[in-house]
Amino acid sequence: MDIELGKASEGPLKGIRVLDVTSMITGPLCSQMLGDLGAEVIKIEPTHGEVARWMMPPENGGLTGFYYQMNRNKRSLALNLQKEEGIAILKRLATDVDILVESFRPAYDPIAQGLVGMMHIQGKRFGGKPQLIQSAIVDKTTATTAAGIAMAALYARESINGSGRGQRVDVPMIDACAANSLPDMLPVDSFQPSELPDAEPLAVLRTFATLDGHVVGMALQDNHFEGLCQALECEHLLEREGMRNVGERISDFGPWLDAIEEEIGSWPTDELLARFDANGVTCGKVKTIREFAEDPQARHNRTLFDAEHPEPGTLRYVRYPGHFSDTPASLTRHPPRLGEHIAEILAEAGFSEEEVQSFEAAGVMLNYQS
């Protein structure tokens with residue numbers, strides 16, 4: 001992801017205009033992705049600022065780290081939608097955009113996690129008590145899903161056989177969560193009516209403790225399992241009943257995974273990974289986020305990248321995941337101050353300086369410089 005601060009984006013959505021009337025995670029992250037791809041995003045906030053600006057530390061330069069991660073590549077307009085003039089301004093702006101992102105109906109990540117069914121899957125290994133994923137996974141899944149859907153709607157309007165018209169698109173959180181979580185859980189119910197038990201966790205997904213950390217990996221095929229046993233110097237397992245071929249191992253994951261777990265526990269992580277690599281076994285170290293930032297592949301990809309800001313200094317971001325050869329995603333703007341771009345946004349919409357001043361005086365909008 002290129003750092004092109006202050007420059008025009010050359011991304012694939014260059015020329016597309018987006019109006020973002022959202023807060024917190026889902027909507028802001030969706031519109032940020034569109035902005036990363038070159039769309040021009042106008043963020044509408046209440047005059048006291050959206051909650052992400054102040055709800056979660058750390059804070060630096062008047063903005064929180066939480067806000068910084070969801071709101072780059074946007075301009076800000078602080079608008080009082082409790083006043084008729086504020087609604088009128090919003091409607092006027094909406095007539096000149098390609099995408100309007102809104103999330104006025106509240107929805108909450110933990111509730112969606114509970115409804116979709118994955119909490120029971122997560123909890124099987126914890127004595128059966130349902131477990132939440134310890135991240136706002138549904139909010140973020142919905143954001144990425146919505147960004148893709150918005151681009152599909154644009155294509156439906158603009159393509160050779162397109163309609164030439166916009167359309168309303170709803171992205172329910174439970175639908176986004178189910179679409180991304182259930183495909184590998186639903187096979188037991190593919191054929192209806194089903195008499196099979198409820199879905200179970202994928203038994204092969206297991207974390208293995210080493211002498212000084214943890215690793216994860218997979219060795220299902222016969223050649224991979226052979227390499228695994230060679231790396232661990234436990235070739236005797238290749239002849240043990242239930243482990244002799246992929247058919248036996250898939251029929252009952254428990255015995256061979258338990259045996260491998262015991263063997264892995266006697267090796268230090270780095271030596272173990274070197275031995276796995278030499279024997280063609282796909283395995284990786286379980287890292288913290290800060291350790292991940294130093295991972296060679298992550299550094300090569302610039303998955304987490306730093307950019308300089310004139311006030312808080314060095315900022316760290318997560319890159320847009322697409323690596324384009326000709327129309328790259330880019331950082332052209334740091335997250336905006338509240339109401340930072342009132343004058344230019346309203347001038348583009350045809351409002352005079354006198355009108356803007358009267359709006360400010362009437363409390364219809366807030367200029368961060370005032």
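Residues are numbered from 1 along each chain as its sequence is written, and side-chain values use heavy atoms, without hydrogens or water. Because the model is predicted, local features need pLDDT of at least 70 and side-chain atom pairs count only at pLDDT 80 or more, whereas totals for chains, interfaces and linings use all residues.

**Sheet and packed helix**

An open sheet of mixed pairing is formed by five strands in the order 7-2-3-6-14. Strand 7 (99-102) and strand 14 (365-366) are the edge strands; each has a single partner strand, so one side of each lacks a neighbour in the sheet. Strands are DSSP runs of E of at least two residues and helices are runs of H or I of at least four, numbered from the N terminus; two strands pair if DSSP finds at least two bridges between them. Strand 6 (residues 74-79) is joined to strand 14 by two bridges in the antiparallel sense, and Leu79 stands opposite Met365 in strand 14. Helix 3 (residues 84-94) packs on this sheet, touching strand 2 (17-21), strand 3 (40-45), strand 6 and strand 14, and its direction makes about 150 degrees with that of strand 6. Contact means heavy atoms within 4.5 Å; axes are lines fitted to C-alpha atoms, for helices over the stretch in contact, with angles from 0 to 180 degrees between N-to-C directions.

**Helix 1**

Eleven of the eleven residues of helix 1 (residues 26-36) are buried, so this helix is largely enclosed by the rest of the structure. Buried means under 20% relative accessible area, with a 1.4 Å probe and protein chains only. Just after helix 1, Gly38 has a positive phi of about 110 degrees.

**Cavity and pockets**

On a 1 Å grid over the protein atoms alone, a cavity is a set of points where a 1.4 Å probe fits but cannot get out; a pocket is an open set with protein on both sides within 12 Å along at least five of seven lines, and lining residues have an atom within 4 Å of a point. A volume is the space filled by probe spheres set on the points.

| Space | Volume | Largest contributor to lining |
|---|---|---|
| Largest cavity | about 120 Å³ | helix 10 (residues 253-264), four residues |
| Largest pocket | about 1,400 Å³ | helix 6, eight residues |
| Second largest pocket | about 910 Å³ | helix 1, four residues |

Among the 43 residues that line the largest pocket, Val101, Glu102, Ser103, Val169 and Val171 lie nearest its centre.

Notes. Buried means under 20% relative accessible area, exposed over 50%, partly exposed in between (1.4 Å probe, protein chains only).
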